[in-house]
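Look at the structure below with its sequence beside it.

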Amino acid sequence: MHTSMRYSERAETTDNPIAKKLFSLMEMKKTNLCLSLDVTEKKKFLLIISKVANKICVLKTHMDIVEDFDMDFAKHLQKLSKQHEFLIFEDRKFADIGNTVKQQYTSGVHRIVEWSHITNAHTVAGYGIIEGLRSAASGRERGLLLLAQMSAKENLITEGYTKKTVELAKNYNDFVIGFIGNGSDDKQLASLVSISEPGFVIMTPGIKLASSGDGLGQSYATPQSAITAGSDVIIVGRGIYGADDPASEADKYRRLAWDAYEKRVKQI
Ligand code: 5BU
């Protein structure tokens, strides 16, 4: 079962350089926390990052909400990611045919492929979406997460869709590095993935302490329940950037998720 293996061991089971880097830096920095920094101004963005960079393994962005975005900002983030050893994940949720996503990934205002190590895609459009993105990423170290589950209440993803998404990932494991899956106590995704692919990472949004929702359909689980259920990385947004002291809050989430991981790998 991959959930009882350490991240460092799992780094050896994948050939994708981004997945390897992610597993290794998690172990090195002792963090399985991804910050979802959904703020709309560069200045605020950089202020928060300066406080939490040493506590996270991944910085998740929605660059299309940053009003003053420019490519210098993206370059600056890349520099920070090297300096503080975290990966950048643009949560773009591509969902179109292969040819269109290829253009969306490389062109326009954001040119995501140039600065984001990881991005993600819905699988509703089938294998073409993965092939389109993979061909656009060719020659660069990049990884793709597939949306196998979502945290939103009453979302339309079925068990069959999740299963097919995992199958699809296995056919493209040079580029696909894992999944977005929910943080409930439902072990289904973790057990589907564990069958043959310890190199896949499961990242889980919808994590917040002392809250069950946001009034707009989001549902929350705790760091401990997500990691115990087989998630590898917790994704936290408002729980950290919305707090009075984002640094100490980030550390709280990091500690809870890391302790749950240490407990998990000790179980036989
Ligand atoms: P929050 O502030 O911790 O609720 O933010 C969650 C982030 O994760 C936000 O950027 C969402 O777009 C993202 N997310 C999610 O909440 N649920 C999902 O199923 C997926 C992404 Br996929």
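Where does the ligand sit? The ligand sits in the largest pocket, where sitting requires more than half of its atoms to lie within 2 Å of the grid points of that pocket. This is a predicted model, in which local features need pLDDT of at least 70 and side-chain atom pairs count only at pLDDT 80 or more, while totals for chains, interfaces and linings use all residues. Residues are numbered from 1 along each chain as its sequence is written, and side-chain values use heavy atoms, with hydrogens and water left out.

A pocket is an open set of points on a 1 Å grid over the protein atoms alone, where a 1.4 Å probe fits, with protein on both sides within 12 Å along at least five of seven lines; lining residues have an atom within 4 Å of a point. The lining of the largest pocket has 24 residues, and Lys-60, Asp-91, Ser-151, Pro-205 and Gln-218 lie nearest its centre. Among the elements, α10 gives the most to this lining, three residues (helices are DSSP runs of H or I with at least four residues).

Around the ligand there are 16 residues, the closest being Asp-38, Lys-60, Ser-151, Tyr-220 and Arg-238; a residue counts if one of its heavy atoms lies within 4 Å. A polar side-chain atom of Asp-38 lies 2.7 Å from an oxygen atom of the ligand. For Lys-60, the distance from a polar side-chain atom to a ligand oxygen atom is 2.8 Å. An N or O atom in the side chain of Tyr-220 is 2.6 Å from an oxygen atom of the ligand.

Notes: Helices (H or I, at least four residues) and strands (E, at least two) are DSSP runs, numbered from the N terminus. A polar contact is a pair of N or O atoms within 3.5 Å; within protein, one must be able to donate a hydrogen and the other to accept it, and residues adjacent in sequence count only if both atoms are side-chain atoms.
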